[in-house]
Amino acid sequence: MFDKFNRNLNYLRISVTDRCNLRCRYCMPEEGIKLFRHEEILTFDEIAGFTEAAVANGVNKVRITGGEPLVRKGVLTLVRMISDINGIEDLSMTTNGVLLKKYAYELKAAGLHRVNISLDTIDPVKFTAITRNGNINDVLEGIYAAKSAGLFPVKINCVIRDSKDEEEAIGVTRFCLENDLEIRYIRQMDLVRGHFSMVEGGTGGNCSLCNRLRLTSNGKLKPCLFSNIEFDIREFGFEKAIKLAAEMKPECGSKNETDAFYNIGG
Ligand code: SAM
């Protein structure tokens with residue numbers, strides 16, 4: 001499916017929950033967030049049904065994200081339901097890795113192809129400070145489990161302030177080289193103020209190449225991360241929401257005052 005600017009929208013990112021087991025400083029407020037009510041969150045049937053409709057419209061690349069996708073109860077069943085859809089060539093997940101040691105092999109068996117794992121420092125003390133409550137050993141064990149399970153290529157998402165030459169990023173870069181991991185540097189963004197930039201090592205942030213649609217955990221289909229435009233898939237129905245999102249995808253985003261990273265999934 002093509003938009004007005006001749007971009008082929010073949011990539012769907014699905015946030016499956018607004019909940020997270022970390023509280024990263026640049027993502028969530030310390031006091032936590034007002035969580036959606038259970039009935040506001042899309043069911044597995046809705047997510048899989050919508051994904052099927054998106055694939056019928058040309059999507060062939062799907063990423064499962066969150067909040068933290070691995071805290072969604074029954075996530076393996078959901079991964080299986082999505083991987084059973086014919087036509088998905090690349091099925092990935094973005095995770096903080098905390099629960100990967102437990103789930104890596106089962107995720108692979110459920111049909112997940114690969115993972116991106118967030119890691120902004122390899123210093124245990126700084127890691128706990130950035131995530132407010134995280135233990136880096138959980139993530140490192142998760143990374144090794146993902147490699148053993150064959151969730152290749154295992155990529156690391158490293159949020160930087162300005163440059164990959166910052167001390168923390170240098171440490172993560174070295175760790176990735178030593179462990180045969182691909183790294184992507186994501187400059188810290190501000191949705192409300194409209195600060196966004198290209199992802200180094202990835203394709204994010206380049207509007208002219210943007211092939212993405214995003215589904216939030218409460219069923220809003222967003223054609224652009226940096227825009228308030230969204231279509232409720234329950235209100236419009238799957239097909240119409242997809243058509244409207246493709247039609248209304250802006251050439252370039254500016255600000256997003258209606259949503260946050262932890263609900264959209266990055
Ligand atoms: N919980 C999962 C995780 O930690 O990877 C998935 C959701 S998280 C919102 C997805 C990605 O968004 C992570 O790589 C995270 O570092 C990034 N992210 C969150 N807030 C951000 C911000 N303000 N600027 C840039 N990236 C951000």
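Predicted model: local features only at pLDDT ≥ 70, side-chain atom pairs only at ≥ 80, totals over all residues.
# Helix packing, ligand contacts and local backbone features

The axes of helix 1, residues 44–56, and helix 8, residues 238–248, come within 9 Å and cross at roughly 55°. Two packed helices are described by the angle between their axes and the distance between the axes. Helix 1 and helix 8 are therefore oblique to each other, since angles under 35 degrees count as roughly parallel and 65 to 115 as roughly perpendicular. Their crossing is right-handed. On the side of helix 1, the contact is made by Glu46, Gly49, Phe50, Ala53 and Ala54, and on the side of helix 8 by Phe238, Glu239 and Ile242. Sorted by class, this contact of helix 1 with helix 8 has five nonpolar, one polar and two charged residues.

Helix 1 also meets helix 2, which spans residues 75–83: the two axes come within 9 Å and cross at roughly 25°. That angle makes helix 1 roughly parallel to helix 2, because angles under 35 degrees fall in that category. The crossing of helix 1 and helix 2 is right-handed. Helix 1 contributes Phe44, Asp45, Ile47, Ala48 and Thr51 to the contact, while helix 2 contributes Val75, Thr77, Leu78, Met81 and Ile82. By class, seven nonpolar, two polar and one charged residues form this contact of helix 1 with helix 2.

From helix 2 the reader may pass to helix 3, residues 100–110. The axes of helix 2 and helix 3 come within 8 Å and cross at roughly 25°. Helix 2 and helix 3 are therefore roughly parallel to each other, and helix 2 passes helix 3 in a right-handed crossing. The residues in contact are Leu76, Val79, Arg80 and Ser83 of helix 2, together with Tyr103, Glu106, Leu107, Ala109 and Ala110 of helix 3. The contact of helix 2 with helix 3 has, by class, six nonpolar, one polar and two charged residues.

Attention may now turn to the ligand. There are 18 residues around the ligand, of which Tyr26, Gly67, Glu68, Ser118 and Met189 come nearest.

Leaving aside its neighbours within four places in sequence, Asn60 is in contact with Asn10, Gly87, Ile88, Glu89 and Asp90. Asn60 and Ile186 are 126 residues apart along the chain, and their C-alpha atoms are separated by 24 Å.

Most residues other than glycine have a negative phi, and most peptide bonds are trans. Asn6, in the segment before strand 1, residues 11–15, has a phi near 65°, a positive value in a residue other than glycine. Phe152 and Pro153 are joined by a cis peptide bond, with omega about -10°. Pro153 is found in the loop between helix 5, residues 136–149, and strand 5, residues 155–160.

Note on methods
Residues numbered from 1 in each chain as written. Heavy atoms only, no water. Axes fitted to C-alpha atoms, helices over the stretch in contact; angles between N-to-C directions. Helix = DSSP H or I, 4+ residues; strand = E, 2+ residues; numbered from the N terminus. Parallel < 35°, antiparallel > 145°, perpendicular 65-115°, else oblique. Left-handed = near helix turned anticlockwise from the far one by under 90°. Contact = heavy atoms within 4.5 Å. Nonpolar A, V, L, I, M, F, W, Y, C, P; charged D, E, K, R; others polar. Near = heavy atom within 4 Å.
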